[in-house]
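Take a first look at the protein below. We will walk from its overall build to its core, and then to the ligand.

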Amino acid sequence: MASSSSANTTKAPTKQGATLSFPDSFIFGSSTSSFQVENIAANTGTDWGAYIHDRFYEIVRPGEVGPQWDDLKQAERDVQMMRDLGLDLQRISIEWGRVCPRRGEFDEQAINYYKQLIHAIKKVGIEPMVTLHHFTLPDWVAISGGWENPQTVQHFLRYVQRIVSELPDVKHWLVINEPGVQAPYGYIAGYFPPHKTNIVRFFIARNNLIRAHKKGYRLIKSLVPQAQVGSAFSCMWLRPNDPHSRLERFGTYLGNYIFNTNYIAACANDLDFIGLNYYFGYYFDLRLSEPDQMFRQDSTMTPANVPFLGVTVRPRTFRSDFGWPIAPDFFYSALRNIYDSYKKPIFVTENGIADRDDVYRGMYTLTHLVALQRAVSEGANVRGYAHWSTIDNLEWNEGYSKRFGLIKLNPVTGERKLQRSAHLYSEIAKTHTIDIDHLVKRYIRPEIQPMTHSVIRELLQCHTVRGMRLQYCK
Ligand code: BGC
């Protein structure tokens, strides 16, 4: 994976109708995590499994079984669909609780399942990227204090040692997925297990997650020195509402540090690349008069109807089924800022939209890839992009009600169908180019075509449109 150069990546960058291109070495793929695509019955020995079981029929409706990747045939079928789209990478994760159902014990059948899954991914011609911890803990670890207990790091390393030794051919590892979501959601918001609201416990858990990353990184490098190892960091990006306001600029910096960059900074010495999960962004706004609602009323996410003070969006901003604003310019800002700050290669390990009827997914994917291409053409070393998600899957507290998949799934019958937006993504992945006019005309609904064009125009020109150069965009 070579670094990008600005010279050959953009043709006529500021004109509507331009064709933008990615370096040949740029990798396109899609993402999943084990708990979200496997049958819940396979993962009852986890904290999330126990929680969902207790709230049965509140999160998962009767008959819903999801993508059922614990059946290898289903997994292979979906990965083959990704290959047919022209994708080269599949992000998956390994379920720690399935592999280590009890302290000191490994389940050979479970290990074998993951070996076969990886074999199947490679067989269709796709490289796997494997996450070792994506939110879920084995029950026995959770009961003994989860990430609050420093011993959890030792248990985790024993699991990492075994898995990595079993899979020496995997080239891309992610140690932890989103410590910046797991710790605050689990220990401040009480939204994820262990559902606590305690700032002291939050810091303990956060620090243990960071230790697990650092030690995990070193362990993997000692076992497979040629492997590329990172973690995936969440990125809810902020920009100042008024770029002239010092206070808003400072608040933005602080907000980005608290939500995003402190986790990257803490791990920076032990990363071959930064995995970046980006979904949405907000303006940091000190006028507290127009707070954003942030989440839709129908979302179970708490606090669903509490306004989120201090952040705003521009009028007429499109939103996902979660209520998250569609903000590709913030993606560009995040990529530029994070690359400029850490000078580490970036791999976009998640980006996508909850969009049940596939109304906005094409527009979302197109505009975010335009933003990414611009960052690459300006020298940001972004090596690849994995769309979230391969297939509609279990969206944590929201069950199957929020749909992120390139493959649309009927969670009861298991019936699959590629979304129209998947074909847009496929054209970009296969050609490594973005032919803007063609893609908008072919894949975007007529009523949102003008908006798509204006978002793209602004994305490509924002340094001149705003009359303020890149700092504003960043
Ligand atoms: C997580 C995924 C989740 C996605 C959409 C990310 O924070 O890593 O597991 O499905 O966001 O909410």
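Helices here are DSSP runs of H or I with at least four residues, and they are numbered from the N terminus. By that rule, L335 belongs to helix α11, residues 328–342. Keep L335 in mind. Bear in mind also that this is a predicted model.

Start with the whole chain. The protein chain holds 16 helices and 13 strands. It has 474 residues, and 51% of them are buried. Now look at contacts between residues with a separation of 6 or more. Of these, 76% link residues 24 or more positions apart.

Next, find strand β10, residues 382–388. Strand β2, residues 27–31, pairs with β10 in the parallel sense, over five bridges. Strand β9, residues 346–350, also runs parallel to β10, and three bridges join them. Look at G384 in β10. G384 is the bridge partner of I27. G384 is also the bridge partner of F347. Then follow the chain from β9 through helix α12, residues 361–377, to β10: together they make a right-handed β-α-β unit.

Now move to the core. In soluble globular proteins, nonpolar side chains tend to be buried together. The largest nonpolar core in this model has 125 residues. Which residues have the most contacts inside it? They are L335, I346, V348, V370 and L372. Apart from this core lies another, of 11 residues, including I40, W48, F135 and V181.

Return to L335. Why does L335 count as buried? A residue is buried if 20 or more other C-beta atoms lie within 10 Å of its own. L335 has 26 such atoms within 10 Å, so it is buried. Leaving aside residues up to four places away in sequence, L335 touches I346, L372, A375, A380 and V382. Take I346 as one case. L335 and I346 are 11 residues apart along the chain, and their C-alpha atoms are separated by 8.1 Å.

Now turn to the ligand. Which residues are around it? They are S33, Q36, N177, E178, V181, S234, N277, E350, W388 and E395. This shell divides into two nonpolar, five polar and three charged residues.

Two members of the shell deserve a second look for their backbone. Most residues other than glycine have a negative phi, and most peptide bonds are trans. E178 sits in the loop between β5, residues 172–177, and α8. E178 is buried, because 25 other C-beta atoms lie within 10 Å. W388 is the other case. The peptide bond from W388 to S389 is cis, with omega near 15 degrees. S389 lies in the loop between β10 and β11, residues 407–409.

P193 and P194 are joined by a cis peptide bond, with omega about 10 degrees. P194 is in the loop between α8, residues 179–187, and α9, residues 199–223. H432 is not a glycine, yet its phi is positive, at about 55 degrees. H432 lies in the loop between α13, residues 420–431, and β13, residues 433–435. H432 is partly exposed, with 17 other C-beta atoms within 10 Å.

Notes. Residues are numbered from 1 along each chain as its sequence is written. This is a predicted model: local features need pLDDT of at least 70, side-chain atom pairs count only at pLDDT 80 or more; totals for chains, interfaces and linings use all residues. A residue is near a molecule or strand if its C-beta atom, placed from the backbone, lies within 6 Å of it. Ala, Val, Leu, Ile, Met, Phe, Trp, Tyr, Cys and Pro count as nonpolar, Asp, Glu, Lys and Arg as charged, and the others, Gly among them, as polar. Helices (H or I, at least four residues) and strands (E, at least two) are DSSP runs, numbered from the N terminus. A residue is buried if 20 or more other C-beta atoms lie within 10 Å of its own, exposed if 12 or fewer, and partly exposed in between; C-beta atoms are placed from the backbone. A nonpolar core is a set of buried Ala, Val, Leu, Ile, Met, Phe, Trp, Tyr and Cys residues joined through C-beta atoms within 7 Å. Two residues are in contact if their C-beta atoms, placed from the backbone, lie within 7 Å. Two strands pair if DSSP finds at least two bridges between them. A crossover is right-handed if, with the strands pointing away from the viewer, the path from the first strand over the helix to the second runs clockwise.
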